[in-house]
Number of protein chains: 2
Amino acid sequence: MTGGQQARGGRPQQAGGSGMDQVRVARAALSRLFEPLDPVGTLLVEAFGPAEALRIAAGRAPAEEVGALASSLQGAAGADHGDASGPRAAAARPGALASALERWAPRVPHLAPERDLEAMARLGGRLVIPEDAEWPAGLLGLGAEGPLCLWVRGDESLPAAERSVAIVGSRDATGYGISVAGELARGMADLGLTVVSGGAYGVDGQAHRAALTSCTPAVPTVAVMAGGVDRYYPSGNEELLREVARRGHLVSELPPGASPSKHRFLKRNRLIAALSALTVVVEARWRSGALSTARRAADLGRLVAAVPGSVYSANSAGCHRLLRDGAACVTDAKEAYELVAPSGEGLTEDPEGQVRAHDGLSLVDLMVLEALPVRRGAGVESLAVVAGLSEAEVRAALGRLCLVGLCERSEGGWRRSRKG
Amino acid sequence: MTGGQQARGGRPQQAGGSGMDQVRVARAALSRLFEPLDPVGTLLVEAFGPAEALRIAAGRAPAEEVGALASSLQGAAGADHGDASGPRAAAARPGALASALERWAPRVPHLAPERDLEAMARLGGRLVIPEDAEWPAGLLGLGAEGPLCLWVRGDESLPAAERSVAIVGSRDATGYGISVAGELARGMADLGLTVVSGGAYGVDGQAHRAALTSCTPAVPTVAVMAGGVDRYYPSGNEELLREVARRGHLVSELPPGASPSKHRFLKRNRLIAALSALTVVVEARWRSGALSTARRAADLGRLVAAVPGSVYSANSAGCHRLLRDGAACVTDAKEAYELVAPSGEGLTEDPEGQVRAHDGLSLVDLMVLEALPVRRGAGVESLAVVAGLSEAEVRAALGRLCLVGLCERSEGGWRRSRKG
């Protein structure tokens, strides 16, 4: 276990691979060590990078270093703007670091990330990490809530969020929902867009299935799983998910073998939203997981749309709730496409659509764009100070600017993209 | 024919009635003389008042006076801000006045407004004019496009727009549309609101019918007709319209006996919108008269809502179009009520609803409120100069301010309401 050996060596070694391999192995190991969005884990990786975070998790950092760490976590938590319930605050709670290290240290030697990487390779998959060129820019909008890595099955490169549309909805969809989901997904794929969904029964499954009938995009569909990509969940969709892996992508931030659980589903929804320029909810009850995906999409500054239905259908009540809250009303693929189509690519001559394309950048986006340096990247915190915005606003704007190719990640932070 | 005799006498006489009666008779006569929104007629009434406008229409004004009139109409047309297609521009076209006078003069002696007033009295009706306290403030938002008068059947006072909701839609409604229209209308009436509609088959008729089953409001429903209120159109709704006249109101800007025609239907729609705080479209095809009512409501700064339906129903395509254009999504009476309920009257605890109620006045409304004098009224033109807004903006804002009781019409124009 290279990660463990490195940790035991006190300092990460170049032996057994390049620095890049070492980072990849460390991220693989960490993705098995703690849950997505674990407060302490997230902060450690953010502050020290994955390899050093793994060494610390292994308990190989000297006691005085751990003390300094705890105060630096408390300092970082200050950036939460006094939100005592934020993840940084949770990480900074006295004892949080010590308790995490106590849980993690005995497990680190048994993580076996290289075994996971080999298992993925046997499935025709690979690990994609933020350091890779393939890392979808859409995920950058998640900031510190971005995944450590993505376990990916499927040959092609991960599609860009600006060419992807999430189609989500009820597991117990009605015939109406199934029908609309299929037509929307097939239409979006025929127009060259990748259909992202969650692999579940009902709307999700039908969206994947219909997208697979299209020959247009290289990656017709992506299923973002709440467990490992070798687990076919739900089992009734096994054949469908195998086909998605073969012709599209199965994706998860959890390592092979991980089982899906309720909180993993909820966390998974942020990835569906972040991987897509638009989230369309086809059917959803008043309280539905699909609404959480829509909410995440809105938080990221992405477009949210809902399909209307009968006012007597409980399965449309969530959609109507979204429409009341400002989601776009979408009744067919053409309308959905026009929401995400780049300037001039509209299918009908809608003068308003043109205005929308030209006015694409909001005031906040423009303020962040102005604040972005051209050469060396700047961190979110510094951008927030320069632009006079909150860090959350800056993060959301960075995601949108990346989507339209105006900004990119570089050493030390974010900068204007060369084409921007 | 008093109106004609007065005109023949050269100067209107007080004989046979007070000045108020004279204005009422003049408005009755003019409503038969020219079509609603007639450009020259509208400008004459605006510039000279109804009694003098009738004298001019009778051709009793000396030639030099008519010449001065034509230039003054041209001057008024300047207020159209160079919109060469506006009604004022049409009235100012060379020869427009002369041609109108040529058509009107021979007809004035035969108008017989008192016969119309007597006919209305026999039907249990009356003529309501802008000079009456009963004149609905909601109509004031129409400015120069307001009706000359309203021929009204029904005992009670005309209800205030802020307690009225228009429910409109397809004539060839589906079972779904009929069902939703009925539930919405009954629900609104049970909550104390008057249901305004157009008396047509389908959604309109069902809305009237359902509202009549409620005992709550003094005026459960108002049907705004495109012809005279003694004409039951469509004939299949005769029984329903008789009941509306008995328990609610039948209303028209056209005199008794006038037959409905296509352009009268379109003009009628502005009255439905202006008499209501909210217009709800239940079902509408892509091109539908109900959408014109919704558009007029939006122009007046009133709320517009649409009921969602199946994306496969052509009868819901117009509703989805409205939703895309920013109409509120309404699925039941409670939701519609919350859109119009005064602050604190919401039925559910919706924090956003509270914000909406407190922030009720838009910036434009506040600017017009600031510009309104406390004592002597000011005209739209002067208010536009003071507030730095267009006349159209000022008119729309005045309508909204009247609706919430912050402004009122007084001699010479508009002023702050005493309660405001």
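**View 1. Salt bridges across the interface of chain B and chain A.** In this predicted model, two salt bridges cross between chain B and chain A (a side-chain nitrogen of Lys or Arg within 4 Å of a carboxyl oxygen of Asp or Glu). One of the salt bridges links the side chains of Arg324(B) and Glu335(A), at 2.8 Å from N to O.

**View 2. Polar contacts and the elements of chain B.** Twelve residue pairs, both at pLDDT 80 or more, are in polar contact between chain B and chain A. A polar contact is a pair of N or O atoms within 3.5 Å; within protein, one must be able to donate a hydrogen and the other to accept it, and residues adjacent in sequence count only if both atoms are side-chain atoms. On the side of chain B that touches chain A, α9 (175-190) and α14 (317-324) each give two or more residues. The largest share, four residues, comes from α9(B). Helices are DSSP runs (H or I, at least four residues), numbered from the N terminus.

**View 3. Buried area.** Chain B and chain A bury about 1400 Å² between them (accessible area, 1.4 Å probe, lost on being put together, summed over both). Carbon and sulfur atoms carry 60% of it. In chain B, Val311(B), Tyr312(B) and Arg324(B) lose the most area to chain A, together 36% of what that side buries.

**Notes.** Residues are numbered from 1 along each chain as its sequence is written, and chains are lettered from A in the order in which they are written. Local features need pLDDT of at least 70, side-chain atom pairs count only at pLDDT 80 or more, and totals for chains, interfaces and linings use all residues; side-chain values use heavy atoms, without hydrogens and water.

Note on methods:
Buried area is the accessible area (1.4 Å probe) that two parts lose on being put together, summed over both.
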